[in-house]
Every structure is written in C-alpha cells, then in structure tokens.
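Please find below a colleague's note on the model shown here.

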Amino acid sequence: MASVTDAELKGMTQEERVKALGMTTEQLTGKSLYMEFDPDAKERFAYPWAPDVDFNKRTDLDCDGRTTTEVNASIRDLMAEGYGTIVLKNPRGMHSLGVGILSKLNLIIEGSTGYFAIGLIDGPNVRVNGRVGWSCGENMMAGTVVIEKNAGSTFGAAIRGGDLVCKGSVGSRTGIDMKGGTILVGGDTGALSGFMMQRGRMVVCGNAGKNLGDSMYDGTIFVGGEIKSCGVDAVEAELTDLDKAWLTRKLTQYGMMPDKGVDHFTKIVAGKQLWNYDNLEPNEKKLIL
Amino acid sequence: MAGTQYRGSEIKDVNQFMDDAAGLETEREKEIGQHIGYRYDVNLVPDYDRITPFLKSYMEFMGWDDLNWLEDIHMGYEEGSPAVFDRNINGWVRIPDSIELPDNQQDRDMIARELLLKFQMSDRHPLVSLRKAYMKF
C-alpha cells in the first residue's frame, strides 16, 4: 500500500486497484495443506490416544462432596480403567459437568446440571435425566446428548457436530453461531435461535420466537410450529423428499416424531444476501473514505 | 452495493469445480479473482440408502444410530481436485487420483466420510504430533 499513492489509486480501475494492493493473493477457500489421503489406510474407529472402554463395564460416580474439576477428572480416570458406562449421581445443578470427553462413552447424569454442561465433547453418548442450564453442549464436536426435560439459553452454542437433543423447551439464542451438527428441540425455542448460524441443522418441533435465523450464513432450520418472525436474511425454502426422509429418521430415532408426521415443517435457510466473504471490502471502504 | 445481493456461483453440476478449477462465474467473483462461498452444498443431508459397510461399523462401534458428526462431511473441490475439509487441522486433504469418483454427490460424500475417518484415526494425522506437543491432560 505504501508504494502506491492515493492519486495513483484514484486513477485506476477497480481491478487495477485490487492488483496494486495485492489483494487477490489471499484465498478465501481454506488453507491447502497439499496432503493426500492414504487409500490403504487401516480401518480404525478410535483416535490413537483414546482409552479402550467397554460399554458393558459400568460404574456409579457420586458428585456429592466433590468439585466439578474432581468429578470431571474422575470420569477420565474411570475411562482409563476401561469403564464405558458411567452414571453420575447427585449432580445437584453443578456447572461444567462432563466437559472435554474426547472418545466414546455412555454417560448418564441422574439429575440436573448448571451451565456449560457437556461442552467440548468429541464422541460420547450422554443422557441427562433432568434439566440443564445455559450453553449445554457448547462447542460439541461429535456424539449424542439427550436432555429429558428443559434447557436454558444458548443451547448448543457454536456446536460443530453431533446430535444435541432437548425433549422439552429451550431458551433463547439456541444454536447461536452453530457451525455444524444437529440440534433437536421437542418443544419451543426462544428468540434469536440460529443467530449467525453458519452450517448444520436445527429442528424445532414446537414454536420459534422472534428473529429466527437472524444473520444466518448457511445451514438449515426446520420448525414444526409457528415462527414468531424470521430474522435478517432468513428465508423459507422448499422441503424436499430428502429433507423429509432425514427428518423422519432423526425424529424417530429420538422418540420425538410428531403424530402428524413431518410434512408440516417449515424449512428456513439463508437468503445469502449478507454474504460478505470477500476480503476487499474493508480496503474498498478505506479507498472510498 | 456491498452486502445486498448474493454474489457467489450456483452449483449446477457435480463436476463443476473439477472442470473449472477457479469456478468464477459472477461479476463479483471475476472482479476479485476468487470464488465466493463453498464449493459444495453444505446443506445436503445424507441419503442413508447409500451408506457403506465401513460407516455402518463405525456407527455401531460408537453406539450411534446415524452418521452423527459425519453428516456434515462432504466432498469438496480444491484447485480443481476433489478434497475433504478436515476441521481438526483446518485444511483440505485431497482425494488420491487412484480413487474413482462416482457420478453423484451423495456417493462421493460417503467416500469422503470414509477417507476422513481413517485419516483422523491414523498415526499420520497432524493432531497426533500436536497432541504430543501441547496436550494438557
């Protein structure tokens, strides 16, 4: 930029300005690592460092008298010993329970949890027999999480993969900034659900609050009930046969299939009017100003 | 005006980004010299009739009834080559030429899922070294 004067830039076409400023060299499509898959790679289902756990080896873990850190460390210790099913007793609304589990496991939480429960997980199957507070399943990578009752706000914030299920209703900003995965809600969801969603799927069997899918870039939201209002750039799209097959499979799997089927669901996607992915605009504004 | 209209290309054909590596279609893309948006349909849900035996075994191993996180994995295209985005290393990994590609995106996605899974679970994945260097627990 320093080598080109403002006067010179003003005399150029936009394409010439772009090249003079060196702005076409940075690609927006992701970094190439120039790596190739090995077609003869061994068939493995677990990370090399994952503990070898057996779903049939079961134990209880009482949360009473322990801190959250101690409970979470105990879960890891039990997994290292091969326990594949762990039942947490007396959670009593503790925060951040069950976070950072990075391999397969059946975790059953008998009671309710506080905020940020079961975040940052990569693989386990978790069932919570009570309620959960804010941001359950935040940044989840893989696995299944089933909440039998209601959940607080920002349910599944920034989720990247896996199935996050609440059989009851959830608060506002469900799936805010979600980048993948599936969020299923049996009841209603609050305002600004799917805010800045980038990809993934959200299914709400009940009603959705105001500004659904506001500023979503991509991804899909299916709503079985009424939508109070759609947010900026969230638009209705056609429900395809493939969508219906997928919805039927997913909802049946978690025992949440509505009596009237899935034909009545409304599909919401991004209108793509807010796509500002190109890196020229900040510099263009500088030029204009 | 910036930010008021969709400026990316539509995906019309399964080989679109292999036949035309740059994939520049709209005026805006030609102007900036870059394709806007993904090179595949991120919203395409899997067709479970096309699932492979290997993926079925993985689901069984993990105790899942569906593809779970792999539902978000698709075959994309990088510089004219088929490739898969690996979220664990924030980069593209290419499909070797020796693998014959089916003529539809659904079957290509199943291949992408198999290859990515085997790669992520292997000792040659970069996360193995990163974990040794930085793991906290």
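1. Helix 3 (residues 53-62) and helix 4 (residues 105-120) of chain B have axes that come within 10 Å and cross at roughly 55°. The two helices of chain B are therefore oblique to each other, a class for angles that are not under 35 degrees (roughly parallel), over 145 (roughly antiparallel) or 65 to 115 (roughly perpendicular). Axes are lines fitted to C-alpha atoms over the stretch in contact, and angles run from 0 to 180 degrees between N-to-C directions. Helices are DSSP runs of H or I with at least four residues, and strands are E runs of at least two, numbered from the N terminus.

2. B:Phe54, B:Leu55 and B:Tyr58 of helix 3 meet B:Met110, B:Arg113, B:Glu114 and B:Leu117 of helix 4, contact being C-beta atoms, placed from the backbone, within 7 Å. By class, this contact has five nonpolar, no polar and two charged residues (nonpolar: Ala, Val, Leu, Ile, Met, Phe, Trp, Tyr, Cys and Pro; charged: Asp, Glu, Lys and Arg; polar: the others, Gly among them).

3. The model is predicted: local features need pLDDT of at least 70 and side-chain atom pairs 80 or more, while totals for chains, interfaces and linings use all residues. Residues are numbered from 1 along each chain as its sequence is written, with chains lettered from A and ligands numbered from 1 in the order written.

4. Between the chains, 60 residues of chain A are in contact with 53 residues of chain B. The side of chain A that touches chain B has 22 nonpolar, 22 polar and 16 charged residues.

5. Chain A has five helices and 12 strands.

Methods. Two residues are in contact if their C-beta atoms, placed from the backbone, lie within 7 Å.
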